[in-house]
Amino acid sequence: MTPVKLYPPKPEKVYFYGTCLVDIFFPEAGLDGVRLLEREGIEVVFPEDQTCCGQPAYTSGYESEARAVAESQLALFPEPWPIVVPSGSCGGMMRTHYPALFAGTNSEVRAMEVAGRIFELTEFLVHVCHLQLEDRGAPEKVAMHTSCSARREMGLAETGPALLAKLGHVELVEQARAAECCGFGGTFAVRHPEVSAAMVEDKTQAIEATGTKRFVTSDCGCLMNIGGRFEHQEKPVQGEHIASYLWRRTS
Amino acid sequence: MSVEIYTPQAFHRQAHDALGNPQIRGNFRKAMDGLMTKRRDIFNDWDLETLRELGANIRLRALAKLPDLLEQLEANCQANGIQMHWAEDGDQACRIIREICQARGAKSVIKGKSMVSEEMHLNAHLEEAGIEALESDLGEYLVQLNEQTPSHIIMPAIHLNTDEISDILHDKTGTERTRDVDYMTAAARQQLRERFMSADVGVSGVNFAVAETGTLCLVENEGNGRMTTTVPPVHIAVTGIEKVVEHLRDVAPLYALLTRSATGQHVTTYFNLINSPRKRGERDGPEEVHLVLVDNGRSSIYQDDELLDTLRCIRCGACMNHCPVYTRVGGHTYGTTYPGPIGSILMPHMLGLEATQDLPSASSLCGACGEVCPVKIPIPDLLVRLRKEAVGEGRGNVLGAGVKRNKKEVAAWKSWQWMATHPGAWRGGTAIAGKLQVMMPAKLGPWTDYRTMPKPAKTSLHALMKRHRQEKES
């Protein structure tokens, strides 16, 4: 069930939190997210000192390390503007887990305040910007993989498809077991590589079976995992972050 | 089919074997797809979230009053003529049951389905004492014939397909080889009927024990529970202490959640409410009814306000049915009585983290288990909590806390922490591709067996944003 959340009117300014995977592996996705927001007339502030939300250590059980890193990030958003994150898992970490991570510490109030301002990018584009898109791309079919964090932790299974539906020439194809995890899970893919591999194999097969040559996702972990599997098999299916896909087709 | 002993320590090897076994993978995929569909379809006409909220609250209320409710249950059961026994661990529970059997000179025990009896290895214990224990749930009967343990808590033989079951029945009981399910069911029924009639003692589990009325509730589909609890002259019910609920009225919503979550049924074929032994003038029912309440690590879970949520579980198995890991590797891979997500948060308390350290990490934290749990156990959060315990970052309340902590991993996370809290160093690092691997938490070997190596981009987002800002300003 989608959590009830009241959305603010479109603001003049937002913070953009790029996430470490975007920063290192998919920087264009981050920039495209920024461009989509700027095109809506929003001024985007990118705090220079942002690094990582702390999730990898948190889900591995290394809470002190996670807290130290998260604490350094809490200081980056002094103004009361929304914080837009192009990732369900980092967004979920900051919105859902920060309050628990800082419970009983001096930063608890700050963490809750920041958590209340976290928006995943597609969520923000749909519910705050009420984004309208003019599709300039050629007609094509595309599959969407919604990350488990976006789907279950943030309750955002609908926002990605809602954006794709605004592209006039794009047909969203249905894949088998769309809600099933792709097998990334951060360090899970390293700790249980064979199980993870079986999961991503099924995911790539399901996407391939739709006949599409393209899939989009709003999480770079899934993109790295699913896209990496397609590439390893030398399959012609291309993956893209949804921000890049939307920007590319409408600019 | 060979007899294999599965252990949680061998999770990785067992997962490797299961993943390489197309039979196992096919059986589980098909079964879990079916169960997921059935659950989804049956909750259509219900306000699922309202019912889950109610179920969770009933369980939380019962747990909040657990010591008092157990005393109330004891008093009311005794008033009804049920004899009460308390066991601190599985061994003690086995001894109690054996002594009850021996006091009646029992030679054969017929069993209804009971996961607690699996947990305490009751069958082996009774057999050592010269008492034969036969499983009467069809799935349990099949795995017992096959010298295996259950691979699922609701559907113990779900890892077997029709052909394998035909082989087992043929090899062990001499039935004809066939794919005719009705024939096989009828054959098993015939075999079990005779054993019900001749058994000295019936042992069953308990789904809900009602404190208010001293009632034992038993949910089942095959009638084996009803036969077990009414035909032999002695009925011994065995249950974990957490199965108690406060009121009789609490049972209806929990039952609705249990059957829908487990097998996608509105109701089961049988729902037994057991209040007492046979009363004067009654035509059936046992002469003696015993209830054995088993702790076996549960009260240590109870001490911790987070881990306590584990005890809400009503044993529906929905978390297994929806877990992408369980679906691929099957229940035996976990090597524990309770497999899947609930097993991964329950078994560390029973066996300690040293034995079970690979289980809490055997989840991608996709959240499917928490999403379907009928009593809203925050399973993903508890998995993370146990990961913390395993690396010595928790409260130290779990047996074997800290066992997984190793210097190499700590050093890796410390260096990651240093990078992520020194923005200048981070920007420098992200700007220089190739130097990034030092920040990775572990080697990428296993990753690249199945996927291409992720390539750090030539220009980081930090650098792109800097350029973007300059372009806008100029």
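User: In which loop of chain A does A:Thr146 lie?

Analyst: This is a predicted model, in which local features need pLDDT of at least 70, side-chain atom pairs count only at pLDDT 80 or more, and totals for chains, interfaces and linings use all residues. Residues are numbered from 1 along each chain as its sequence is written, chains are lettered from A and ligands numbered from 1 in the order in which they are written, and side-chain values use heavy atoms, leaving out hydrogens and water. Helices (H or I, at least four residues) and strands (E, at least two) are DSSP runs, numbered from the N terminus. A:Thr146 lies in the loop between strand 5 (140–145) and helix 8 (148–153) of chain A.

User: Is A:Thr146 buried or exposed?

Analyst: Buried means under 20% relative accessible area, exposed over 50%, and partly exposed in between (1.4 Å probe, protein chains only). A:Thr146 has 6% relative accessibility and therefore counts as buried. Leaving aside residues up to four places away in sequence, A:Thr146 touches A:Arg151, A:Leu156 and A:Ala157, where contact means heavy atoms within 4.5 Å.

User: In what order do the four strands of the open sheet in chain A stand?

Analyst: Strands of a sheet pair through backbone hydrogen bonds, either parallel or antiparallel. Two strands pair if DSSP finds at least two bridges between them. Here the order is 2-1-3-4, with parallel pairing. Strand 2 (43–45) and strand 4 (118–120) of chain A each have a single partner strand, so one side of each lacks a neighbour in the sheet.

User: How many bridges join strand 3 to strand 4 of chain A?

Analyst: Three bridges join strand 3 (residues 83–85) to strand 4 of chain A. A:Val85 stands opposite A:Glu120 in strand 4 of chain A.
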